[in-house]
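Trainee: I would like to go through the fold of this model, one element at a time.

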Amino acid sequence: MDQSKKETVHRVQKALLASSISDLRELRVEHAEDALHLHGHVSCFYHMQLAQETARSIAGDLAVVNSIAVR
């Protein structure tokens, strides 16, 4: 993975960790196959969407694959 993709993963993770929503702070962000992958569990569909849109706003030309499960 090149440095810019590592920085993008780090920026997304940092944005999620800064959230006031604890569910988002527990999520994992990984890069694979020119996409950012979001993993973990949240308590509602809104939190899943919020995490996805947070990642999408930072991802640039990388696709965002949302593998977050709603409990």
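Mentor: This is a predicted model, in which local features need pLDDT of at least 70, side-chain atom pairs count only at pLDDT 80 or more, and totals for chains, interfaces and linings use all residues. Residues are numbered from 1 along each chain as its sequence is written, and side-chain values use heavy atoms, with hydrogens and water left out.

Trainee: At about what angle to β1 does helix α1 run?

Mentor: Helices (H or I, at least four residues) and strands (E, at least two) are DSSP runs, numbered from the N terminus. Axes are lines fitted to C-alpha atoms, for helices over the stretch in contact (heavy atoms within 4.5 Å), with angles from 0 to 180 degrees between N-to-C directions. Helix α1, residues 3-17, lies across β1 and β2, and its angle to β1 is about 160°.

Trainee: What is the order of the strands in the open sheet?

Mentor: Two strands pair if DSSP finds at least two bridges between them. β1 and β2 are antiparallel, with five bridges, and R28 stands opposite H39 in β2. β2 (residues 35-42) and β3 (residues 63-70) run parallel, joined by eight bridges. The pairing is mixed, and the order is β1-β2-β3.

Trainee: Which strands are at the edges?

Mentor: An edge strand here pairs on one side only. The edge strands are β1 (28-32) and β3.
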